[in-house]
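Colleague: Hey, can you walk me through this one? I'm still new to reading structures.

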Amino acid sequence: MELNFQKAFAKLGPSLLDGVGIVVYITLAGFACALVAALLIAIGRLSKSRVLDRILSIFIELIRGTPLLVQFFYIYYVVPMLINGISAAMGYHTNVQLEASTCGIIGFAINYGCYMSEVIRSAILAIDPGQREAGLALGFSEGQVLFGFIIPPALRNSVPVFGNYLVMLIKDTSLLAMISVQELLLRTKTFASQTFLTVEAYTILALVYLVISIPLSQLSRLVERRLKRVR
Amino acid sequence: MVMLEIKNLSKFFGDLEVLRDVNMAVEKGEVVVVIGPSGSGKSTMLRCINLLEQPSGGEILYQGKDITHLGRQVTDYRKHVGMVFQRFNLFPLKTVLDNVCYAPMKLNKLPAKDAKEQAMALLKKVGLESKAGVYPAALSGGQQQRVAIARALAMQPELMLFDEPTSALDPELVGDVLEVMKQLAGEGMTMVVVTHEMGFARDVADRVIFMDGGYIVEENTPVEIFTSPKNDRTRSFLARVL
């Protein structure tokens, strides 16, 4: 077997670099949206409304019970059809199309939002109820107590778990190859099928993922240790 | 002048009746100490006073006004009533100084400079001005409790509630906290103190209330209650703890 890494790297490298840009963009945007979604879902589930809690927990079950890849397909293909179909039924003509990378961000926001909401929720429940009482006794409202004394320490305690989810999310961007996002896997696949440098191409791809994810998990471990030390 | 008046207060947790027909009044500047066995309802009564527990029945009059149905205005009422908890409940992510000056800055819109000055003065009062910059986790229980007292005082309350403030402390740390409370009483602060410290009750209280089984069994001056308790249950409780 003859291997030609040099040639593969020279041709695939620049393309992958572009792909990394897309991956970073989708990761950052998706993770930020997921955090916001997670916080909202967690607060909703902890609110006094039983109905809201029930609806959200069913929604979380739906999302956790289906594969992320299926969700991407659903958002990319089905949701635009539904929107166009419903508006046609109401007498409007629309031609909604979602860009693939936008679908990726939406999908991550929903999927990771659901998983991380459970992290935040249990972190909130783990905060000593005495914190709430101390805040109330000083004259703060329930809302001020929640955002001033409960959520900040809960988020802080969740940071190590968030780090793991961030690394997972980066790797899960490879699923977006299936809905035509020009990320790393799709670029590699195209390259491999054109040049037959299959071994080289996929080896380089794996290495690129490692180069991104290993430093990140190291960083999250460092942050975790830092947080422990301050307290 | 009567500052606080409790009329026919009752409290249920589900079917469990923890307070029944509690009546008492606190004069301005008075120190009332509440004693009694655990489960007698003393903490619940204290928590009803600043509405951490919603009373099931009866009235609580603060300066003549019923405060049991304030709705959202309850926060304004609570600003006038300081509370110190058994477990201190300091904010762990804030420094000692920020623990003390945060509430006046946020709630009373006190400028940061004034709030800090006031906080430092209060920390000095409780003997902890040297700890202003550290986090609560670095303090002993007794020090944390003194910071908690300073934090409550920072809102300049007219009434202070103490919920077993020394029960979670190592014995050798109790004295410093009681000393601060004594000093506060000497300055004329109106205080309701739930405690097991009989020495404090005897030395500092203007009036001692003995609770058992959810209602007030006996109330009297400390001298009367400790030397000649009228009720059998008071007598047997005191015989066990003294």
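This is a predicted model: local features need pLDDT of at least 70, side-chain atom pairs count only at pLDDT 80 or more; totals for chains, interfaces and linings use all residues.

Colleague: Switching topic: how many helices and strands does chain B have?

Modeller: There are 9 helices and 10 strands in chain B. Its radius of gyration is 18 Å, close to the 18 Å from the globule rule for 242 residues, so chain B is as compact as a globular protein of that length.

Colleague: What does the C-alpha trace span along its principal axes?

Modeller: Roughly speaking, about 55 × 40 × 35 Å for chain B.

Colleague: Now the sheet. In which order do the strands come?

Modeller: The order is S6-S7-S8-S3-S9-S10 in chain B, 6 strands in an open sheet with mixed pairing. At the edges sit strand S6 (81-84) and strand S10 (215-220), each pairing on one side only. On average, neighbouring strands are turned by 20° against each other, ignoring direction.

Colleague: What holds strands together in general?

Modeller: Strands of a sheet pair through backbone hydrogen bonds, in a parallel or an antiparallel way.

Colleague: Which way do S9 and S10 of chain B run, parallel or antiparallel?

Modeller: Antiparallel, with 5 bridges joining strand S9 (residues 207-212) to S10 in chain B.

Colleague: And which residue in S10(B) does B:Asp212 stand opposite?

Modeller: That's B:Tyr215.

Definitions and conventions. Residues are numbered from 1 along each chain as its sequence is written. Chains are lettered from A and ligands numbered from 1 in the order in which they are written. Side-chain values use heavy atoms; hydrogens and water are left out. Two strands pair if DSSP finds at least two bridges between them. Helices (H or I, at least four residues) and strands (E, at least two) are DSSP runs, numbered from the N terminus. Axes are lines fitted to C-alpha atoms, for helices over the stretch in contact, and angles run from 0 to 180 degrees between N-to-C directions. The radius of gyration is taken over C-alpha atoms; the globule rule is 2.2 Å times the number of residues to the power 0.38.
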